[in-house]
Amino acid sequence: MEQTKISMTDIVEYLRNMSFKTKPFGGCDKEDVLDKIEELTRMYQRILNDMAQEVEQLKGEREARQEQLKQELSEMLTRAQHEANQIRVKAEADAQAHVDERKAEVDQLRKECGELIAQKAQVKKNWDNELLDQKVLLRVIGEELGSMMTAVGALGEKLEGQAAEKSEHEA
């Protein structure tokens, strides 16, 4: 047979069509049987060689694919690490911006509280001054009212004295 790819079907077909030369006194020609067995052995050997080549080819393809997958995995891991770093950097920047905003708000609230405390102190001072002014005014009014009451009392006594004199003159 020629050196082409051979399959088990070819061997089965060969065995079905195989015939042995017979000897004139019965039996098979030993050389013909050995030739046929040798041909079968060569056929099996070609199948084994073809399979070994296919196995080696598949091993090579598998190794190449494994290497390709390792490379892809390494690239994916590198990309994932890069993306994770970008996310971390962005998250840190966002967090810092948030902290800075909160600090600015707190500073603004402190400033406003300081202004309110100063306003409160000014209002209290104004109220204290106004209260003092009102107390002084009330004291003055009280003194003036006391003087007026004294004058009214004196005037009342004078009027009573005049009324009594007038009654004495009329009587």
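The place of each charge is taken as NZ of Lys, CZ of Arg, CG of Asp or CD of Glu. With that in hand, the chain has 26 positive and 36 negative side chains, and the centres of these two sets lie 7 Å apart.

What you see is a predicted model, in which local features need pLDDT of at least 70 and side-chain atom pairs count only at pLDDT 80 or more, whereas totals for chains, interfaces and linings use all residues. Residues are numbered from 1 along each chain as its sequence is written, and side-chain values use heavy atoms, without hydrogens and water.

Let us look at the overall form. The chain holds 2 helices and 0 strands; these are DSSP runs, helices being H or I of at least four residues and strands E of at least two, numbered from the N terminus. Along the principal axes, the C-alpha atoms fill a box of roughly 210 × 30 × 15 Å. Of the 171 residues, 6% are buried, meaning under 20% relative accessible area with a 1.4 Å probe and protein chains only, while exposed is over 50% and partly exposed lies in between.

Now let us visit one residue. Gly-27 sits in the loop between helix H1 (8-17) and helix H2 (30-170). Gly-27 counts as partly exposed because its relative accessibility is 46%. Leaving aside residues up to four places away in sequence, Gly-27 touches Lys-21 and Thr-22, where contact means heavy atoms within 4.5 Å. From Gly-27 to Val-55 is 28 residues in sequence and 42 Å in space, C-alpha to C-alpha.

Notes: Lys and Arg count as positive and Asp and Glu as negative; His and the chain ends are not counted.
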